[in-house]
Amino acid sequence: VSSQPKLTATSRQLPTSLTVTVTESSKFMDIVKPSTPLVSFLQRLQQTAFHTFNDPKFDPKTYVDLPLKFPLSVTELAFQNLPKSSTASVSVDDLKHFIGEYFQGAGDDLVYFHPEDFVPEPEGFLPKVKNREVRDWALKVHSLWKNLSRKVSSEVNTHPSYHTLLPVPGNVVIPGSRFREVYYWDSYWVIRGLLASKMYKTAKSIVLNLISFIDEYGFVLNGARAYYTNRSQPPLLSAMIYEIYSITGDVELVKRSLPALLKEYEFWNSDVHKVTVSDAQGCTHTLNRYNARWNKPRPESSTTDKASASKFSTASEKQHFYRQLASAAESGWDFSTRWMRHPPNFTTLSTTSVIPVDLNAFILGMELNIAFFANVTGDNSTAKHFLQISDVRKEAMNSFFWNANKKQWFDFWLSDAKPEKVHVWDTLHQNQNVFASNFVPLWMKPFYSDATLVTNVLKSLKTSGLLHAAGVATSLTNSGQQWDFPNGWAPLQHMLVEGLVKSGLEEARSLAEEIAIRWITTNYIVYKKTGVMHEKFDVEKCGEFGGGGEYVPQTGFGWSNGVVLAFLEEFGWPEDRNIEC
């Protein structure tokens, strides 16, 4: 792979014309992961329940999470024999009775588990938190790890065909509410909180569970369900292992993880996710995008996906749209104007046509972490190789994402590509709308270690319009989608704050602490008002949780708990600082 001569991110000017080859061999692009007979049946049950119950708060995910009590053939026959009206509908009472008789409850295939490394107040817990009120609350947040800890029921191993839940070897921490199984990128911030809570064994168990997915499927699944095998989520496994190793020095974990990380790296750099770009000088770079191997309604959201796709007239248009929906889910940002060609028109979702800033930052981090782990295990040639390709990716990110005028990294749009077609890009192909993701590269060492760059990005962040009373907004567009304004999300706060802190610049740390204080405060006030931790928050109004999207606001909540604890560990809370909006 060749790259341009080395330039700093602050001095590089974007080429006005770029030739882009999108490598989409039909061999890979036509791959669609098959569904399972159980998932297909549960989708039929879901559709029936949707029409029968006519509930405005209907959650389709509940029905694909139901474990069977009897073999699928027996259950399907009983379903087919349900009495039906002249319009082929099933009565509310008959359907309720059928579900009660033939299914366990959604989530019953995971049982509560008391983690052995949990203690009510760990030694050395949050030493910088001096304020008694904040400390008492932090201990309550810490105690939530106990509430969110589960292990897979023995029933799942005894009768795997009765469950959409996928077994994992160790105990787990779930996000909470409808998210009653393990999720990939959520686990990074759960682990950051567990490390603040001194729960190193539980953190390691989470990592080993995720590695078990790589061993089985070749990549980390979006989540531990049969219907999630068609996609991944932002690749942060190497970052989880790095954080655990930094504290525990667990070399055996690194040795166990490295082959799996190499396999995961191969998955993200297969033709499914890879985009090869050539600039005007003929230098080629490889960047990556989200691209789920799915072209049907997502089983966990089948009823809503079908309604959204009803605006399309042909089967191929619907299949294309379903791939975009699943690929947005792979990004973790489901959904956002970030993936729409003509926002806020939801039907213009074109996730696979976006080369995302943050995904490529995460893969840069993976390359650096693999190099670090290879050094730890004495594999110097692998370490050298991954350092070299991380340098090449950094250059590619500078070439295609960095905007020297705006001092941000912007996503890049592909034109609607046909396989093997060569495109000519210009600067207009940058998505110059402001999203929190435009600043995520700052979380990576090659960028936060460049003081001049950080100073420029800091000014841009301050004037971006993203900073609000209760934290950093996800975007500037209020579209009604949950990964847009006015919602703020724990992962985005944390990545930006930690990047600013790691730069070592006083002004950057000052802004980071200001964001953290606002975020901690709104989490605390909402907790005091509702008695629970929430998934997302309204950054315009201190003390209000977030909304929008395709499901009701969720509580629990794994990554919110983790980021609050990580922020309190970093910044503390002085005795004389009040916590109020």
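**Exercise 1. State how many residues line the largest cavity and which lie nearest its centre.**

Solution. The largest cavity has a lining of 25 residues, and F179, Y183, Q233, D334 and Y551 are nearest its centre. The model is predicted, so local features need pLDDT of at least 70 and side-chain atom pairs count only at pLDDT 80 or more, while totals for chains, interfaces and linings use all residues. Residues are numbered from 1 along each chain as its sequence is written, and side-chain values use heavy atoms, with hydrogens and water left out.

Step 1, the term. On a 1 Å grid over the protein atoms alone, a cavity is a set of points where a 1.4 Å probe fits but cannot get out; a pocket is an open set with protein on both sides within 12 Å along at least five of seven lines; lining residues have an atom within 4 Å of a point.

Step 2, the volume. The largest cavity holds about 290 Å³ of space. A volume is the space filled by probe spheres set on the grid points, which are joined across faces, edges and corners.

Step 3, the classes. The lining of the largest cavity divides into eleven nonpolar, five polar and nine charged residues. Ala, Val, Leu, Ile, Met, Phe, Trp, Tyr, Cys and Pro count as nonpolar, Asp, Glu, Lys and Arg as charged, and the others, Gly among them, as polar.

Step 4, a backbone feature at D334. The peptide bond from D334 to F335 is cis, with omega near 10 degrees. F335 belongs to the loop between α13 (315-331) and β7 (354-355). Helices (H or I, at least four residues) and strands (E, at least two) are DSSP runs, numbered from the N terminus.

**Exercise 2. Count the cavities of 30 Å³ or more and describe the second largest cavity.**

Solution. There are two cavities of 30 Å³ or more. The second largest cavity has about 50 Å³ of space. Its lining consists of K33, P34, S35, T36, V39, A226, Y227, T229, N230, W294 and P299. By class, six of the lining residues of the second largest cavity are nonpolar, four polar and one charged.

**Exercise 3. Find which helix gives the most residues to the lining of the second largest pocket.**

Solution. The volume of the second largest pocket is about 490 Å³. Among its 23 lining residues, Y242, L368, N369, K445 and Y448 are the closest to the centre. At least two lining residues come from each of α10 (237-248), α14 (357-376), α16 (445-448) and α18 (490-502). The answer is α14, with eight residues. By class, the lining of the second largest pocket has 15 nonpolar, four polar and four charged residues.

**Exercise 4. Identify which cysteines form a disulfide, and give its handedness.**

Solution. A disulfide is taken as a pair of cysteine sulfur atoms within 2.5 Å. By this rule there is one disulfide. C542 and C581 form the disulfide, with sulfur atoms 2.0 Å apart. The torsion about their S-S bond is about -70 degrees, so the disulfide is left-handed. C542 sits in the loop between β15 (536-538) and α20 (558-571), and C581 in the segment after α20, so the pair ties together parts 39 residues apart in sequence.

For accessibility, buried means under 20% relative accessible area, exposed over 50%, and partly exposed in between (1.4 Å probe, protein chains only). C542 is partly exposed at 23%, whereas C581 is exposed at 57%.

**Exercise 5. State where the pLDDT stays under 50.**

Solution. pLDDT is the predictor's confidence in each residue, from 0 to 100. The chain averages 92, and 92% of the residues score at least 70. Residues 21-29 stay under 50, with 30 contacts (heavy atoms within 4.5 Å) beyond four places in sequence. Residues 418-424 are also below 50, with 21 contacts beyond near neighbours in sequence.
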